[in-house]
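The following dialogue takes up the reading of a protein model, feature by feature. The sequence and the structure are shown here.

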Amino acid sequence: MISIIIPARNEKYLNRTILDIQAKATSDIEIIVVLDGRDEERLDGIKYIYHPKPIGMKYAINSGAKIATGEYLMKIDSHCIVGPGFDSILIRDHQPN
């Protein structure tokens with residue numbers, strides 16, 4: 001399984017990015033959104049971490065990694081889209097850990 005960490009602070013396209021990831025995944029994924037300094041509309045089935053005071057991207061990513069349960073970690077910006085089967089490609093082309 002891939003744990004996908006999305007650090008976000010006041011991101012206009014966050015939910016669009018989440019829905020795109022869900023639509024194009026071909027295996028089990030876990031999406032962890034780290035809301036840094038601002039709470040956002042939340043979608044079902046997503047893990048959220050909310051930091052009321054901004055902590056910065058590096059620390060936001062690390063807080064998401066701490067709760068990740070996947071064998072692989074992937075960080076993506078909250079305004080990006082992915083290609084079909086991105087998760088299978090990642091697993092095929094990378095080694096665990």
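This is a predicted model: local features need pLDDT of at least 70, side-chain atom pairs count only at pLDDT 80 or more; totals for chains, interfaces and linings use all residues.

Q: With which residue does Asp93 form a salt bridge?

A: The partner is Arg92, and the closest N and O atoms of the pair are 3.0 Å apart. Arg92, with a relative accessible area of 61%, is exposed.

Q: How many salt bridges does the structure hold?

A: There are 7 salt bridges in the structure. One of these links Lys75 to Asp77, with 2.4 Å between the closest N and O atoms. Lys75, at 36% relative accessibility, is partly exposed, and Asp77, at 26%, is likewise partly exposed.

Q: Which residue forms a salt bridge with Glu30?

A: Glu30 pairs with Lys47, and their closest N and O atoms lie 2.4 Å apart. Because Glu30 belongs to strand S2 and Lys47 to strand S3, this pair ties together parts that are 17 residues apart in sequence. Lys47 is partly exposed, at 35% relative accessibility.

Q: Is Glu30 itself buried or exposed?

A: Glu30 has a relative accessible area of 7%, so it counts as buried. The side chains of Glu30 and Ser3 are also joined by a polar contact of 2.4 Å. Leaving aside residues up to four places away in sequence, Glu30 touches a set of residues including Met1, Ile2, Ile67, Ala68, Thr69 and Gly70.

Q: Over how many bridges do S1 and S4 pair?

A: S1 and S4 pair over 4 bridges, in the parallel sense. One point of reference is Ser3, whose bridge partner in S4 is Leu73.

Q: Which residues of helix H1 are buried?

A: The general idea is that an α-helix has 3.6 residues a turn, so residues three or four places apart point the same way. In helix H1 (residues 14–24), the buried residues are Leu14, Asn15, Thr17, Ile18, Asp20 and Ile21. These buried residues pack against strands S1 (2–8), S2 (29–36) and S3 (47–51), as well as against H3.

Q: How is a nonpolar core to be read, and which members of the largest one touch the most other members?

A: In soluble globular proteins, nonpolar side chains tend to be buried together. Here the largest nonpolar core has 19 residues, of which Ile4, Ile6, Ile18, Ile21, Val33 and Met74 touch the most other members. Two or more residues each come from S1, H1, S2, strand S4 (72–75) and H3. S1 gives the most to this core, with 4 residues. Apart from this core lies another, of 5 residues, among them Ile32, Val34, Ile49 and Ala60.

Q: What does Ile4 touch?

A: With residues up to four places away in sequence not counted, the contacts of Ile4 include Ile21, Ile29, Ile31, Met74, Ile76 and Phe86.

Q: Where is Phe86 found, and which residues does Phe86 touch?

A: Phe86 is in helix H3 (residues 86–93). Its relative accessibility of 10% is under the 20% limit, so Phe86 counts as buried. Not counting residues up to four places away in sequence, Phe86 touches Ile4, Ile21, Lys24, Ala25 and Met74. Phe86 and Lys24 are 62 residues apart along the chain, yet their C-alpha atoms are separated by 7.2 Å.

Methods: Residues are numbered from 1 along each chain as its sequence is written. Side-chain values use heavy atoms; hydrogens and water are left out. Buried means under 20% relative accessible area, exposed over 50%, partly exposed in between (1.4 Å probe, protein chains only). Contact means heavy atoms within 4.5 Å. A nonpolar core is a set of buried Ala, Val, Leu, Ile, Met, Phe, Trp, Tyr and Cys residues joined through side-chain atoms within 4.5 Å. A salt bridge is a side-chain nitrogen of Lys or Arg within 4 Å of a carboxyl oxygen of Asp or Glu. Two strands pair if DSSP finds at least two bridges between them. A polar contact is a pair of N or O atoms within 3.5 Å; within protein, one must be able to donate a hydrogen and the other to accept it, and residues adjacent in sequence count only if both atoms are side-chain atoms.
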